[in-house]
Amino acid sequence: MATLATPQKIRDLQQALYRRAKKEPKFRFYALYDKVYRKDMLEHAYALAKANAGAPGPDGKSFEEIAQSGADALLEELHEELKTKRYKPGPVRRVYIPKLNGGERPLGIPNIRDRVVQTAVKLVLEPIFEADFEEDSFGFRPKRDAHQALRAIEEALQQGMSLVLDADIEAYFDTIPHDRLMKAVAERIVDGAMLALVKAFLAAPIVDERNDGPPRRNRQGTPQGGVISPLLANVYLHLVDRNFKRQKEKGALRGRLIRYADDLVVMTSHPPEKARCWLEAILGRLGLKLHPDKTRQLDALSEDFVFLGHTLRWRRSKLYLDISAKAQQRIREELRARTRHFGQSLEQTIQALNTYIRGARRYFSDVVRRRLATLDRFVLDRLARWWSRKHSRSSPVWSLTRAGVLWTEHGLERWYHRRRSPALLEPAR
C-alpha cells in the first residue's frame, strides 16, 4: 500500500483497535462495519488506491476517468451503498504473468471502486490482526519488509540454527479454502456485516482474459492483486505461526519459523524432519500442502538456499547475500525490455532504466558487490548494443560506455555504490 499520511481521526481509531486487541487476545470485535463507510475513511482509502495506481478492472474505468466526473461522486455513491448495505463487489479481471519456470501466475484486478472499499476494510481490520501476528512474520505488514526477514535468518544462524527447512506452499493464494479462512477471521470479528463484506470480496466472480464466457464464481483462494488479499493471507497463515509457537512452548519443536507471506523457513539446530512432519500435518488441516519438489532440508554450513529472491550463503560465521539465479534472469529480462525501444532518445532510455534500477537496487542493496558490479557491466553492454541498433551500426558502440561517461554525464544510475565511511559524510568545519 502506498505511503500517505494517515488522517489523525483514522489513526486514533486504529490505535484504539490495536490497543484493545493487544490487551484482550480473546476479544471479538462487534461494531466495525460503520467505520468502513465513514466519509473520511473512504476519502483516505481512495487516496491510497489512487497512489498505488494500477490498471482498470473489468468495468474499464481508470482513475483519470473517475477524476473527470469527480471522485466525490464515486465516494458518495459508495458511502450510500455501504450504509444501506446495497454494496456488492464487482467481478475481478484475471490476467496472467509469466513465471521463469515456464508457468504463469494469475493476478486478480478488481474495479477501482472495489479497491477503495477493500482499502477501507483493510484500514479497519489490519490493526486488530496486527496485535496478534508473531514477531517472525514480515510480509505485507506495516513497518516490516524483506530485509528484516533476512536479518532474522542471520540472527538464527548466529544462534547456531544452521539446519533449515526451506518450505514452499503449493499455489497458496489460489487454494485457501474460503470457509476455513472466514473462521480464522471470525476468531476476532463477530460483526456480521463486516464478515459478509469480506466473504463477498472472496466470492467475487472472476472474468478470465482468456475466456470469453460469463464471469464464474470464485470458490477458493484470495486473488493476488486484491488490496485485502495480503492481509487475509497473513490471517490464515498466522494459524501456522501460532501453532509453531505453542509447539515450542511444549518442547515439541525448537528453532524459529521465519515467514514472509507464504515464503517460510524453519531454522533449527536439530534435524528438521520433525518440523517438516508437523508443517505437513498442520497445512493439511488447513487445506494446503507443501510443494514436494520445492521444499527441502539442508545444512546452511555447507549448502546455500534461496529466500525472497536472495541466495543465502553462511560461511565462517558470516552471511553472504547474492541475487538468486531466477531473480538475476528476471532483472536481465527487464533491462533488455527497457533497451529495445530504438525510437527513444538516449535520455529517455536512461530514464526508463533508472526508474527500474533504483527500485531493484534498493531491494537488493545488501548483496555481494561483485553481483552489483556485474549488473553495471550488463547495463553498459545493453546500451552499447542499443546505440548500435538505433544508428544501424554493425557492432556495439563501446565508445559510448568508456570512462563512465553514461554515469557521470548522462545520469545513468549505478547498481553498485561504494559506501563512504561516516567521516567522509561529515560536513567540513
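Ala327 belongs to helix α13, which covers residues 325-337; helices (H or I, at least four residues) and strands (E, at least two) are DSSP runs numbered from the N terminus. The relative accessible area of Ala327 is 2%, so this residue is buried. Three classes are used here: buried means under 20% relative accessible area, exposed over 50%, and partly exposed in between, with a 1.4 Å probe and protein chains only. Not counting residues up to four places away in sequence, Ala327 touches Gly309 and Phe364, where contact means heavy atoms within 4.5 Å. Thr311 is 16 residues away from Ala327 along the chain, and 9.6 Å separates their C-alpha atoms.

The model is predicted: local features need pLDDT of at least 70, side-chain atom pairs count only at pLDDT 80 or more, and totals for chains, interfaces and linings use all residues. Residues are numbered from 1 along each chain as its sequence is written, and side-chain values use heavy atoms, with hydrogens and water left out.

**Backbone and burial**

Most residues other than glycine have a negative phi. Phe140 has a positive phi, near 55 degrees, and is not a glycine. Its place is the loop between α6 (112-130) and α7 (146-158), and Phe140 is partly exposed because its relative accessibility is 43%. Ala403 likewise is a residue other than glycine with a positive phi, of about 55 degrees. Ala403 lies in the loop between α15 (369-390) and α16 (405-408) and is exposed, its relative accessible area being 79%.

Ser229 is part of helix α11 (residues 229-250). With 2% relative accessibility, Ser229 counts as buried. Apart from neighbours within four places in sequence, Ser229 is in contact with Phe173, Thr222 and Pro223.

**Cavities**

How many cavities of 30 Å³ or more does a search of the whole structure find? The search finds 2. A cavity is defined on a 1 Å grid over the protein atoms alone, as a set of points where a 1.4 Å probe fits but cannot get out; lining residues have an atom within 4 Å of a point. Grid points are joined across faces, edges and corners, and a volume is the space filled by probe spheres set on the points.

The largest cavity holds about 100 Å³ of space. It is lined by 15 residues, of which Val92, Pro110, Gln118, Phe201 and Pro223 are the closest to its centre. At least two lining residues come from each of α6, α10 (192-202) and α11. The second largest cavity holds about 30 Å³, and its lining consists of Arg94, Pro106, Leu107, Gly108, Asp174, Pro223 and Gln224. Strand β2 (residues 104-110) gives the largest share of that lining, 3 residues.

The table gives the make-up of both linings by class.

**Aromatic and charged side chains**

The whole structure contains 11 aromatic pairs. Rings of Phe, Tyr and Trp (its six-membered ring) pair if their centres lie within 6.5 Å; planes under 30 degrees apart count as stacked, over 60 as edge-to-face and the rest as tilted. One of the pairs joins Tyr46 and Phe63 edge-to-face, at 5.8 Å centre to centre and 65 degrees between the planes. Tyr46 lies in helix α3 (residues 39-52) and Phe63 in helix α4 (residues 63-69), so this pair ties together parts that are 17 residues apart in sequence. Tyr46 is buried at a relative accessible area of 8%, and Phe63 is buried with a value of 8%.

Tyr356 and Trp415 also form an edge-to-face pair, with 6.4 Å centre to centre and 70 degrees between the planes. Because Tyr356 lies in helix α14 (residues 346-363) and Trp415 in the loop between α16 and α17 (422-425), the pair ties together parts that are 59 residues apart in sequence. Both Tyr356 and Trp415 are buried.

Phe27, Phe29 and Tyr30 form one aromatic cluster. The charged end of Arg20 sits over the ring of Phe27, 3.8 Å from its centre. A charge sits over a ring if NZ of Lys or CZ of Arg is within 6 Å of the ring centre and within 35 degrees of the ring normal. Lys85 lies over the face of Tyr33, 5.8 Å from the ring centre.

Key. 1 Å grid on protein atoms, 1.4 Å probe; cavity = no way out; pocket = protein on both sides within 12 Å on 5 of 7 lines; lining within 4 Å.
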